[in-house]
There are 2 protein chains.
Amino acid sequence: MHSPEELKGLVEEALERIDLWPELHGQATSVRYSLEVGGKRVRPVIALAVGEALGAPVEQVLPAALALELVHTFSLVHDDLPAMDDDDERRGQPSTWKKFGEGVGVLAGDALLAEAVRLAARYESSAVARELAEATLGMIGGQYLDTMVDGYDLAAVHRLKTGRLFYASVTLALWAVELPEEDQAPWRGFAEELGLLFQIVDDILDEDGYVREHLAEIDADTTVLRDIVDSLAVRRA
Amino acid sequence: MHSPEELKGLVEEALERIDLWPELHGQATSVRYSLEVGGKRVRPVIALAVGEALGAPVEQVLPAALALELVHTFSLVHDDLPAMDDDDERRGQPSTWKKFGEGVGVLAGDALLAEAVRLAARYESSAVARELAEATLGMIGGQYLDTMVDGYDLAAVHRLKTGRLFYASVTLALWAVELPEEDQAPWRGFAEELGLLFQIVDDILDEDGYVREHLAEIDADTTVLRDIVDSLAVRRA
């Protein structure tokens, strides 16, 4: 069994040497850039850990794990677009559209999603691709509710926007190791709760951000109060 | 065997009653809108015709055929975005982003691609989804070359941008009817040439458009010349 840190290392290595489809031509540059900006790679690490827990070698789950990271990256690249959150930066680097232009930013997200499908379709059965498509649609639905609908139940939004892909991090691994559907129920229960956990962590981080914002606006020495907030802080996945 | 017109009718019917993923929530409205704007549905009709030529019932090829139309529609929805071609209209109707806003336009394209994958993943084998992902990546590469690179070989651009999905219209049907890979070569030869044919038709239509533009700028009675151009006109698929 590998540690999470070792699994992350394997994911990084695999992402570096990922073989993008040759017909992408120059569009591949922005796809690689958006994958290199990095992150904690939590989703693929969860998938690999589920696979190892079920006794499968890393290589068997790796395409599904990478597919999850590509879908996650696709969602970030499109989220950052001026038409969406209009973010110039992502983890201290220019966001993909900012670096390559808006048109390439749209296409980079599209290409990441299509490459994710190509990875998911490396398995003989279509189950991995189907589960990935369903999770992607749930995530898109969450995006829609979050950015376009005012006052929609925030918990439901986060369950889709954040939780859906964490759920899939477990369930894609189940199909990748060919665990029969009738044995999947306890894993799916875990997947639901894991999605919920990440959603709650996300909510706390949002609230944590708001608290810090308000604190910064107060014209007084709030050092100790900030230390208290710091001590409560959880880390974003 | 159905006529192309009958096959188109079957495609329209199936598109009308397509079951979008429930987690899309309100995002489904713009997805349906972009599918209803219509078109000749040539790609799915080709796929169904290939299936019937191979003796398979329409229902067997229908999910693959619809997946092709959804990928085609996804490409139009993203092409129309301000960041790309900035088109307000599509077939006389407001383009998706113009009707629902730019953010929803981005998400509508994303959702169409993910729904296409869900359709392709209805087959037990992942071959349909894999072939669809490869074609989509080729199309995206063509888009990139067309909009971002000046002076790239125009024939190569069109082969990817237009021809790639026509090629897939044939090859997806082959996997959908489970034609063994060793028997696919003559069909793939046909698919290549079909892609090329549509590319040439596309080029003629572009040129046809330019001719008409120049004609319109001439301050004289060009009625007869326009009739001559009309008589040469080919129809866009």
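B:Ala116 touches B:Ala67, B:Leu70, B:Val71, B:Phe74 and B:Leu132, leaving aside residues up to four places away in sequence. In this predicted model, the largest nonpolar core has 138 residues, and B:Ala116 is among the members that touch the most others. In soluble globular proteins, nonpolar side chains tend to be buried together.

**The nonpolar core**

- Besides B:Ala116, the members of the largest nonpolar core that touch the most other members are B:Ala64 and B:Leu132 in chain B, together with A:Ala64, A:Ala116 and A:Leu132 in chain A.

**Relation between the two chains**

- Chain B is superposed on chain A by a rotation of 180° with 0.0 Å of shift along the axis, and the RMSD is 0.2 Å.
- The two copies are therefore related as by a two-fold rotation axis.
- The same surface serves both copies, since 100% of the contact residues of chain B recur in chain A.
- Within chain B, the residue that comes closest to the rotation axis is B:Ser126, whose C-alpha lies at 2.0 Å.

**The contact between chains A and B**

- In chain B, 43 residues are in contact with 43 residues of chain A.
- On the side of chain B that touches chain A, the elements giving two or more residues are α6 (102-120) and α7 (127-148) of chain B.
- The largest share of this side comes from α7(B), which supplies 14 residues.
- Sorted by class, the side of chain B that touches chain A holds 23 nonpolar, 12 polar and 8 charged residues.

**Helix α8 of chain B**

- Helix α8 of chain B covers residues 154-176, which is 23 residues.
- From its first C-alpha to its last, α8(B) reaches 32 Å, close to the 33 Å expected at 1.5 Å a residue.
- At B:Gly163, α8(B) bends by about 50°.
- Because 20 of its 23 residues are buried, α8(B) is largely enclosed by the rest of the structure.

**A loop residue in chain A: A:Leu179**

- Where is the place of A:Leu179? A:Leu179 is in the loop between α8 (154-176) and α9 (185-217) of chain A.
- A:Leu179 has 17 C-beta neighbours inside 10 Å, so this residue counts as partly exposed.
- Not counting residues up to four places away in sequence, A:Leu179 touches A:Leu54, A:Leu174 and A:Gln184.
- A:Leu179 and A:Leu20 are 159 residues apart in sequence, and their C-alpha atoms are 29 Å apart in space.

Conventions:
Residues are numbered from 1 along each chain as its sequence is written. Chains are lettered from A and ligands numbered from 1 in the order in which they are written. This is a predicted model: local features need pLDDT of at least 70, side-chain atom pairs count only at pLDDT 80 or more; totals for chains, interfaces and linings use all residues. Copies are superposed by least squares on the C-alpha atoms of residues with pLDDT of at least 70 in both. Two residues are in contact if their C-beta atoms, placed from the backbone, lie within 7 Å. Helices (H or I, at least four residues) and strands (E, at least two) are DSSP runs, numbered from the N terminus. Ala, Val, Leu, Ile, Met, Phe, Trp, Tyr, Cys and Pro count as nonpolar, Asp, Glu, Lys and Arg as charged, and the others, Gly among them, as polar. The expected span of a helix is 1.5 Å times one less than its number of residues. The bend at a residue is the angle between axes fitted to the seven residues ending there and the seven starting there. A residue is buried if 20 or more other C-beta atoms lie within 10 Å of its own, exposed if 12 or fewer, and partly exposed in between; C-beta atoms are placed from the backbone. A nonpolar core is a set of buried Ala, Val, Leu, Ile, Met, Phe, Trp, Tyr and Cys residues joined through C-beta atoms within 7 Å.
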